[in-house]
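Student: Could you walk me through reading salt bridges in a model like this one?

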Amino acid sequence: VMKLNPQQAPLYGDSVITVQLSEEDKVEDDVVFYLVFTGSTVQHCTSTRKINPGSLETISPGHDCCETVKVALCASREGHPVLVVAEESFQFVQDEAYDAAQFLATCAGNQQALNFTRFLDRSRPPAADVDFLDEKVALAFRHLKLPAEWNVLGAEQSLTENIPRETLMHFAVRLGLLRLTWFLLQQPGGRGALSIHNNEGATPVSLALERGYQKLHQLLTEEGAREPDSWSTLSHTVHSGDYSVKHHRGLGVYLLTAEA
């Protein structure tokens with residue numbers, strides 16, 4: 001028997017899972033443990049990191065739909081066959097950050113919705129909350145399957161119109177969301193959004209300056225600005241055909257995802 005904590009994770013993955021081993025599985029140092037998550041259409045295999053003889057940790061994979069999957073704990077040792085040591089179920093769920101990313105993605109060109117996000121800003125959440133929000137919403141956004149024609153400015157808006165308007169970039173900058181801003185900059189319309197004025201005549205660049213967000217201002221204005229440090233604790237994914245391999249730099253854990 002193994003215990004997974006927590007027993008669920010958001011669809012976009014990248015949260016830490018602790019695996020408690022049972023007494024008989026606390027084994028010698030030369031045993032390597034893997035977790036295999038089997039969903040209805042995809043399968044993930046993650047490496048683990050030993051915390052102590054009785055527990056491991058790993059990173060939850062990003063999954064393609066909300067469902068309960070089977071998780072097998074596999075043990076491998078040189079010269080021996082791979083053994084399935086224990087099985088447990090695990091749930092992938094859609095959380096608030098995922099809902100928020102979906103909402104923002106669909107309202108990219110919707111002025112009413114974007115004005116609502118400005119209204120939210122007046123409550124100015126504390127910095128720790130902003131950082132948490134930034135990380136989760138950026139991860140969720142990265143996991144969304146955005147349509148090919150998706151644009152930071154919304155599908156209908158062309159850059160040539162000099163109509164003052166609120167954009168997703170104004171939203172991300174106003175709240176000081178470094179990771180989300182970086183993500184949006186890489187998307188179609190992201191760079192173009194930087195020079196768009198809203199009704200008060202503010203651009204995302206002037207907002208960053210006005211609010212004293214130095215890192216953010218550098219990100220928007222410096223040629224060849226690199227992704228913010230905060231991304232480096234997150235994961236890096238490489239895709240190849242039906243497979244993808246993800247490296248979580250923080251824990252040094254690898255995840256392999258394949259179509260089942």
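Tutor: Let's go through a few of the pairs in turn. Keep in mind that this is a predicted model.

Student: How many salt bridges does the structure hold?

Tutor: Eight. To call one, look for a side-chain nitrogen of Lys or Arg within 4 Å of a carboxyl oxygen of Asp or Glu. Take Asp-14 and Lys-246: their closest N and O atoms are 2.9 Å apart.

Student: Which parts does that pair tie together?

Tutor: Asp-14 sits in the loop between strand E2 (8-10) and strand E3 (16-20), while Lys-246 belongs to strand E11 (residues 243-248), so the bridge links parts 232 residues apart in sequence.

Student: Are Asp-14 and Lys-246 buried or exposed?

Tutor: Both Asp-14 and Lys-246 are buried. The cut-off to remember is under 20% relative accessible area for buried.

Student: What about Arg-179 and Glu-135?

Tutor: Those side chains meet at 3.5 Å, N to O. Arg-179 is in helix H5 (residues 178-185) and Glu-135 in helix H3 (residues 127-143), so this pair ties together parts 44 residues apart in sequence.

Student: Which residues are joined into one network?

Tutor: Asp-131, Asp-134, Glu-135 and Arg-179, through salt bridges that share partners.

Methods:
Residues numbered from 1 in each chain as written. Predicted model: local features only at pLDDT ≥ 70, side-chain atom pairs only at ≥ 80, totals over all residues. Heavy atoms only, no water. Helix = DSSP H or I, 4+ residues; strand = E, 2+ residues; numbered from the N terminus. Buried < 20%, exposed > 50% of the residue type's maximum accessible area, 1.4 Å probe, protein only.
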